[in-house]
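Q: Could you walk me through this model, starting with how the helices pack?

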Amino acid sequence: MYPQTLARTLLLCLAAPCCLARPINLQEQNFGQLKNLFLGIYTGFETFVALMGYDEEDGVKENMDSDTLKINPVDEHDQTEIKIAGLGLGRTGSTSLVIALEILGYSVVHDDEQTELTDLFDWWEEEEIDIDEFHEILGKRGFNATFKTAGYRWVARHPEIKAILTVRDNPDKFVDSWLVAAPFIKILERPPFCWMETVKTLMPSFEREFREETTGGNPKQYLERETLRANYINYNKRVQEAVSAEQLLMFNVKQGWGPLCEFLDLPIPEEIPFPHVHTRAKLQGEMLFLEFITW
(Lines give C-alpha, C1' and ligand atoms only; values in the text may rest on other atoms or scores of the structure.)
Protein backbone atom coordinates (compact mmCIF):
# COMPACT_ATOMS: atom_id res chain seq x y z
CA MET A 1 0.00 0.00 0.00
CA TYR A 2 2.73 2.50 0.95
CA PRO A 3 4.63 2.32 -2.39
CA GLN A 4 1.44 2.95 -4.36
CA THR A 5 0.49 5.90 -2.16
CA LEU A 6 3.99 7.32 -2.41
CA ALA A 7 3.86 7.00 -6.19
CA ARG A 8 0.57 8.87 -6.28
CA THR A 9 2.07 11.62 -4.14
CA LEU A 10 5.12 11.99 -6.41
CA LEU A 11 2.87 12.21 -9.46
CA LEU A 12 0.87 14.97 -7.79
CA CYS A 13 4.06 16.85 -6.98
CA LEU A 14 4.93 16.94 -10.67
CA ALA A 15 1.47 18.25 -11.54
CA ALA A 16 1.38 20.80 -8.72
CA PRO A 17 2.30 24.04 -10.54
CA CYS A 18 -0.94 24.04 -12.56
CA CYS A 19 -3.10 24.69 -9.48
CA LEU A 20 -5.73 27.48 -9.25
CA ALA A 21 -7.21 29.24 -6.19
CA ARG A 22 -10.73 30.56 -5.36
CA PRO A 23 -13.82 28.93 -6.96
CA ILE A 24 -14.54 30.19 -10.46
CA ASN A 25 -18.28 29.46 -10.51
CA LEU A 26 -19.95 31.44 -7.73
CA GLN A 27 -23.20 29.44 -7.62
CA GLU A 28 -21.97 25.96 -6.79
CA GLN A 29 -25.18 25.18 -4.91
CA ASN A 30 -26.85 24.88 -8.32
CA PHE A 31 -24.58 21.98 -9.31
CA GLY A 32 -25.57 18.38 -8.73
CA GLN A 33 -24.01 16.43 -5.88
CA LEU A 34 -21.76 14.39 -8.17
CA LYS A 35 -20.34 17.47 -9.91
CA ASN A 36 -19.67 19.13 -6.56
CA LEU A 37 -17.97 15.96 -5.37
CA PHE A 38 -15.56 16.07 -8.32
CA LEU A 39 -15.00 19.79 -7.79
CA GLY A 40 -14.09 18.92 -4.23
CA ILE A 41 -11.58 16.32 -5.37
CA TYR A 42 -9.84 19.01 -7.41
CA THR A 43 -10.00 21.35 -4.43
CA GLY A 44 -8.27 18.62 -2.44
CA PHE A 45 -5.50 18.66 -5.01
CA GLU A 46 -5.23 22.44 -4.66
CA THR A 47 -5.01 22.06 -0.89
CA PHE A 48 -2.25 19.49 -1.27
CA VAL A 49 -0.30 21.84 -3.54
CA ALA A 50 -0.70 24.76 -1.13
CA LEU A 51 0.44 22.69 1.85
CA MET A 52 3.56 21.73 -0.10
CA GLY A 53 4.50 25.41 -0.12
CA TYR A 54 3.96 26.12 -3.83
CA ASP A 55 1.91 29.24 -3.01
CA GLU A 56 4.67 30.92 -1.01
CA GLU A 57 6.29 33.88 -2.76
CA ASP A 58 10.08 34.15 -2.91
CA GLY A 59 10.17 36.76 -0.14
CA VAL A 60 8.24 34.46 2.19
CA LYS A 61 10.56 31.56 1.41
CA GLU A 62 13.58 33.75 2.12
CA ASN A 63 12.11 34.77 5.47
CA MET A 64 11.50 31.14 6.39
CA ASP A 65 15.10 30.26 5.50
CA SER A 66 16.70 33.10 7.48
CA ASP A 67 16.64 34.63 10.95
CA THR A 68 15.77 38.12 9.73
CA LEU A 69 12.29 39.64 9.66
CA LYS A 70 11.55 41.30 6.33
CA ILE A 71 8.10 42.79 5.95
CA ASN A 72 8.17 42.61 2.12
CA PRO A 73 5.55 45.38 1.66
CA VAL A 74 3.64 45.91 -1.56
CA ASP A 75 3.95 49.21 -3.43
CA GLU A 76 3.17 52.14 -1.16
CA HIS A 77 -0.08 53.07 -2.93
CA ASP A 78 -1.35 49.49 -2.37
CA GLN A 79 -0.55 49.43 1.35
CA THR A 80 -3.55 49.58 3.64
CA GLU A 81 -4.77 48.45 7.06
CA ILE A 82 -7.22 45.86 8.35
CA LYS A 83 -10.77 47.20 8.01
CA ILE A 84 -12.85 43.99 8.24
CA ALA A 85 -12.51 40.90 10.43
CA GLY A 86 -14.48 37.71 9.89
CA LEU A 87 -15.30 36.10 13.24
CA GLY A 88 -17.53 33.16 12.29
CA LEU A 89 -16.51 29.59 12.96
CA GLY A 90 -15.63 27.36 10.02
CA ARG A 91 -18.42 26.03 7.80
CA THR A 92 -20.66 29.06 8.42
CA GLY A 93 -20.43 30.50 4.91
CA SER A 94 -17.10 32.25 5.30
CA THR A 95 -15.78 31.25 1.86
CA SER A 96 -18.87 32.66 0.16
CA LEU A 97 -18.50 35.85 2.20
CA VAL A 98 -14.81 36.14 1.32
CA ILE A 99 -15.62 36.03 -2.39
CA ALA A 100 -18.38 38.59 -1.87
CA LEU A 101 -15.93 40.92 -0.15
CA GLU A 102 -13.46 40.49 -3.00
CA ILE A 103 -16.20 41.43 -5.47
CA LEU A 104 -16.69 44.57 -3.36
CA GLY A 105 -12.99 45.37 -3.70
CA TYR A 106 -11.43 44.02 -0.52
CA SER A 107 -8.22 42.00 -0.31
CA VAL A 108 -8.88 39.15 2.09
CA VAL A 109 -6.82 36.69 4.15
CA HIS A 110 -8.61 33.32 4.17
CA ASP A 111 -7.69 29.67 3.56
CA ASP A 112 -5.76 30.27 0.33
CA GLU A 113 -3.71 33.09 1.83
CA GLN A 114 -2.86 31.21 5.01
CA THR A 115 -0.37 29.03 3.14
CA GLU A 116 1.08 32.13 1.46
CA LEU A 117 1.85 33.85 4.78
CA THR A 118 3.77 31.14 6.61
CA ASP A 119 6.51 33.56 7.63
CA LEU A 120 4.04 35.75 9.54
CA PHE A 121 2.45 32.77 11.25
CA ASP A 122 5.90 31.50 12.19
CA TRP A 123 6.96 34.87 13.65
CA TRP A 124 3.67 35.04 15.57
CA GLU A 125 4.02 31.54 17.02
CA GLU A 126 7.63 32.28 17.98
CA GLU A 127 6.45 35.55 19.64
CA GLU A 128 8.75 37.63 17.46
CA ILE A 129 5.75 39.81 16.58
CA ASP A 130 2.55 40.43 18.51
CA ILE A 131 -1.01 40.38 17.17
CA ASP A 132 -1.03 44.12 16.44
CA GLU A 133 2.23 43.89 14.49
CA PHE A 134 0.89 40.86 12.64
CA HIS A 135 -2.07 42.84 11.34
CA GLU A 136 0.01 45.91 10.63
CA ILE A 137 2.24 43.79 8.37
CA LEU A 138 -0.83 42.30 6.67
CA GLY A 139 -1.84 45.84 5.78
CA LYS A 140 1.61 46.62 4.44
CA ARG A 141 1.32 43.51 2.27
CA GLY A 142 -1.94 44.81 0.82
CA PHE A 143 -4.62 43.01 2.86
CA ASN A 144 -7.51 44.93 4.40
CA ALA A 145 -9.73 42.05 5.58
CA THR A 146 -8.91 38.90 7.50
CA PHE A 147 -10.74 35.69 8.40
CA LYS A 148 -7.85 33.73 9.87
CA THR A 149 -5.99 35.91 12.32
CA ALA A 150 -8.29 38.20 14.31
CA GLY A 151 -10.07 36.91 17.41
CA TYR A 152 -13.09 38.72 18.80
CA ARG A 153 -11.18 40.02 21.82
CA TRP A 154 -8.65 41.72 19.54
CA VAL A 155 -11.44 43.13 17.37
CA ALA A 156 -13.21 44.52 20.45
CA ARG A 157 -10.07 46.58 21.18
CA HIS A 158 -10.20 48.08 17.69
CA PRO A 159 -13.57 49.78 17.21
CA GLU A 160 -12.42 51.12 13.83
CA ILE A 161 -12.60 47.55 12.45
CA LYS A 162 -15.93 46.20 11.23
CA ALA A 163 -16.61 42.63 12.33
CA ILE A 164 -18.80 40.05 10.59
CA LEU A 165 -20.05 37.00 12.48
CA THR A 166 -21.26 34.41 9.98
CA VAL A 167 -23.92 32.04 11.29
CA ARG A 168 -25.93 29.05 10.08
CA ASP A 169 -29.72 28.61 10.20
CA ASN A 170 -29.36 26.65 13.44
CA PRO A 171 -26.63 24.93 15.51
CA ASP A 172 -27.34 21.47 14.13
CA LYS A 173 -26.72 22.56 10.56
CA PHE A 174 -23.37 23.93 11.67
CA VAL A 175 -22.45 20.66 13.39
CA ASP A 176 -23.55 18.51 10.43
CA SER A 177 -21.31 20.51 8.11
CA TRP A 178 -18.37 20.90 10.49
CA LEU A 179 -18.13 17.16 11.15
CA VAL A 180 -17.28 16.71 7.46
CA ALA A 181 -14.39 19.19 7.77
CA ALA A 182 -13.10 18.24 11.23
CA PRO A 183 -11.08 15.12 10.15
CA PHE A 184 -8.77 17.47 8.20
CA ILE A 185 -6.65 18.03 11.30
CA LYS A 186 -6.12 14.29 11.74
CA ILE A 187 -5.15 13.93 8.09
CA LEU A 188 -2.42 16.54 8.58
CA GLU A 189 -0.86 14.42 11.30
CA ARG A 190 -0.20 11.59 8.82
CA PRO A 191 2.31 11.21 5.96
CA PRO A 192 2.94 12.88 3.61
CA PHE A 193 1.44 15.99 5.22
CA CYS A 194 3.27 15.71 8.52
CA TRP A 195 6.58 15.93 6.60
CA MET A 196 5.70 19.21 4.88
CA GLU A 197 7.34 22.36 6.25
CA THR A 198 4.25 24.47 5.55
CA VAL A 199 2.12 22.10 7.59
CA LYS A 200 4.62 22.12 10.46
CA THR A 201 4.58 25.91 10.53
CA LEU A 202 0.80 26.25 10.36
CA MET A 203 -0.07 23.31 12.61
CA PRO A 204 -0.54 25.42 15.78
CA SER A 205 -3.00 27.61 13.86
CA PHE A 206 -4.80 24.54 12.49
CA GLU A 207 -4.96 23.05 16.00
CA ARG A 208 -6.63 26.19 17.34
CA GLU A 209 -9.10 26.32 14.49
CA PHE A 210 -10.07 22.65 14.40
CA ARG A 211 -9.71 21.52 18.01
CA GLU A 212 -9.77 24.58 20.27
CA GLU A 213 -12.14 27.18 18.84
CA THR A 214 -14.85 24.70 17.90
CA THR A 215 -14.88 22.99 21.31
CA GLY A 216 -14.45 25.92 23.66
CA GLY A 217 -11.04 24.67 24.76
CA ASN A 218 -11.80 20.93 24.91
CA PRO A 219 -9.62 19.64 22.04
CA LYS A 220 -10.17 15.93 22.76
CA GLN A 221 -13.87 16.44 22.06
CA TYR A 222 -13.40 17.94 18.60
CA LEU A 223 -15.55 15.23 16.99
CA GLU A 224 -18.29 15.13 19.67
CA ARG A 225 -21.56 16.51 18.42
CA GLU A 226 -22.92 17.88 21.68
CA THR A 227 -19.65 19.70 22.46
CA LEU A 228 -19.63 21.29 19.01
CA ARG A 229 -23.27 22.28 19.27
CA ALA A 230 -22.95 23.86 22.70
CA ASN A 231 -19.79 25.72 21.76
CA TYR A 232 -21.35 27.12 18.57
CA ILE A 233 -24.09 28.70 20.68
CA ASN A 234 -21.72 29.90 23.40
CA TYR A 235 -19.11 31.20 20.96
CA ASN A 236 -21.63 33.32 19.05
CA LYS A 237 -22.93 34.66 22.35
CA ARG A 238 -19.42 35.59 23.52
CA VAL A 239 -18.73 37.45 20.28
CA GLN A 240 -21.92 39.46 20.62
CA GLU A 241 -21.10 40.30 24.23
CA ALA A 242 -17.53 41.37 23.43
CA VAL A 243 -18.06 43.37 20.22
CA SER A 244 -20.37 46.36 20.17
CA ALA A 245 -23.57 46.14 18.15
CA GLU A 246 -22.47 49.09 16.00
CA GLN A 247 -19.26 47.28 15.10
CA LEU A 248 -20.74 43.81 14.47
CA LEU A 249 -22.87 42.31 11.71
CA MET A 250 -24.44 38.90 12.36
CA PHE A 251 -24.76 37.50 8.87
CA ASN A 252 -26.24 34.43 7.22
CA VAL A 253 -25.07 34.22 3.60
CA LYS A 254 -28.66 33.39 2.62
CA GLN A 255 -29.43 37.06 3.35
CA GLY A 256 -27.43 38.08 0.29
CA TRP A 257 -25.99 41.47 -0.58
CA GLY A 258 -28.45 43.72 1.26
CA PRO A 259 -27.36 43.53 4.92
CA LEU A 260 -23.68 43.24 3.99
CA CYS A 261 -23.57 46.27 1.71
CA GLU A 262 -25.64 48.34 4.14
CA PHE A 263 -23.20 47.48 6.94
CA LEU A 264 -20.19 48.41 4.79
CA ASP A 265 -21.93 51.47 3.31
CA LEU A 266 -21.36 50.21 -0.23
CA PRO A 267 -23.72 49.87 -3.22
CA ILE A 268 -25.07 46.43 -4.09
CA PRO A 269 -23.23 45.00 -7.14
CA GLU A 270 -25.42 45.07 -10.21
CA GLU A 271 -26.38 41.77 -11.85
CA ILE A 272 -24.02 39.74 -9.65
CA PRO A 273 -25.79 37.16 -7.47
CA PHE A 274 -24.35 36.67 -4.01
CA PRO A 275 -21.77 33.84 -4.05
CA HIS A 276 -22.71 30.41 -2.70
CA VAL A 277 -19.71 28.09 -2.81
CA HIS A 278 -18.00 25.18 -1.02
CA THR A 279 -21.04 22.95 -0.59
CA ARG A 280 -20.96 19.93 1.70
CA ALA A 281 -20.64 17.57 -1.27
CA LYS A 282 -17.64 19.56 -2.47
CA LEU A 283 -16.08 19.37 0.98
CA GLN A 284 -16.65 15.61 1.02
CA GLY A 285 -14.77 15.35 -2.27
CA GLU A 286 -11.89 17.37 -0.86
CA MET A 287 -11.62 15.15 2.23
CA LEU A 288 -11.84 12.06 0.01
CA PHE A 289 -8.85 13.20 -2.03
CA LEU A 290 -6.73 14.14 0.99
CA GLU A 291 -7.51 10.84 2.70
CA PHE A 292 -6.64 8.97 -0.51
CA ILE A 293 -3.02 10.17 -0.51
CA THR A 294 -2.28 9.57 3.18
CA TRP A 295 -1.08 6.45 4.89
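Q: Okay, and what sort of model is it, and how are things counted?
A: This is a predicted model, in which local features need pLDDT of at least 70 and side-chain atom pairs count only at pLDDT 80 or more, while totals for chains, interfaces and linings use all residues. Residues are numbered from 1 along each chain as its sequence is written, and side-chain values use heavy atoms, with hydrogens and water left out.

Q: What's the mean pLDDT of the protein?
A: The mean is 91, and 92% of the residues reach 70 or more; pLDDT is the predictor's confidence in each residue, from 0 to 100.

Q: And where does pLDDT stay under 50?
A: That happens over residues 1-20, for which the model has 32 contacts beyond four places in sequence.

Q: Back to helices, then: which residues of α6 meet α7?
A: Leu 120, Phe 121, Trp 123 and Trp 124 in α6 meet Ile 131, Phe 134, Ile 137 and Leu 138 in α7. By class, this contact of α6 with α7 has 8 nonpolar residues, no polar and no charged ones, where Ala, Val, Leu, Ile, Met, Phe, Trp, Tyr, Cys and Pro count as nonpolar, Asp, Glu, Lys and Arg as charged, and the others, Gly among them, as polar.

Q: At what angle do α6 and α7 pack?
A: Helix α6 (residues 118-125) and helix α7 (residues 131-140) pack at about 165°, with their axes 10 Å apart. Axes are lines fitted to C-alpha atoms, for helices over the stretch in contact, and angles run from 0 to 180 degrees between N-to-C directions. The two helices, α6 and α7, are therefore roughly antiparallel to each other, given that angles under 35 degrees count as roughly parallel, over 145 as roughly antiparallel, 65 to 115 as roughly perpendicular and the rest as oblique.

Q: How about α9 and α14, what angle is it there?
A: Helix α9 (residues 171-181) packs on helix α14 (residues 280-292) at an angle of about 20°, the axes being 9 Å apart, and α9 and α14 are therefore roughly parallel to each other.

Q: Which residues does α9 use to meet α14?
A: Lys 173, Asp 176, Ser 177, Val 180 and Ala 181 in α9 meet Arg 280, Leu 283, Gln 284 and Met 287 in α14. The residues of that contact divide into 4 nonpolar, 2 polar and 3 charged.

Q: And α4 with α13, why are they called oblique?
A: The axes of helix α4 (residues 94-103) and helix α13 (residues 257-264) come within 12 Å and cross at roughly 55°, and α4 and α13 are therefore oblique to each other. The contact is made by Leu 97, Ala 100, Leu 101 and Ile 103 of α4 together with Trp 257, Leu 260 and Leu 264 of α13.

Q: Switching to strands, what's the order in the sheet?
A: The open sheet of 5 strands runs β2-β3-β1-β4-β5, with parallel pairing, where two strands pair if DSSP finds at least two bridges between them. Its edge strands are β2 (108-109) and β5 (248-251), each of which pairs on one side only.

Q: How many bridges join β2 and β3?
A: β2 and strand β3 (residues 145-146) pair in the parallel sense over 2 bridges, and Val 108 stands opposite Ala 145 in β3.

Terms used:
Contact = heavy atoms within 4.5 Å. Helix = DSSP H or I, 4+ residues; strand = E, 2+ residues; numbered from the N terminus.
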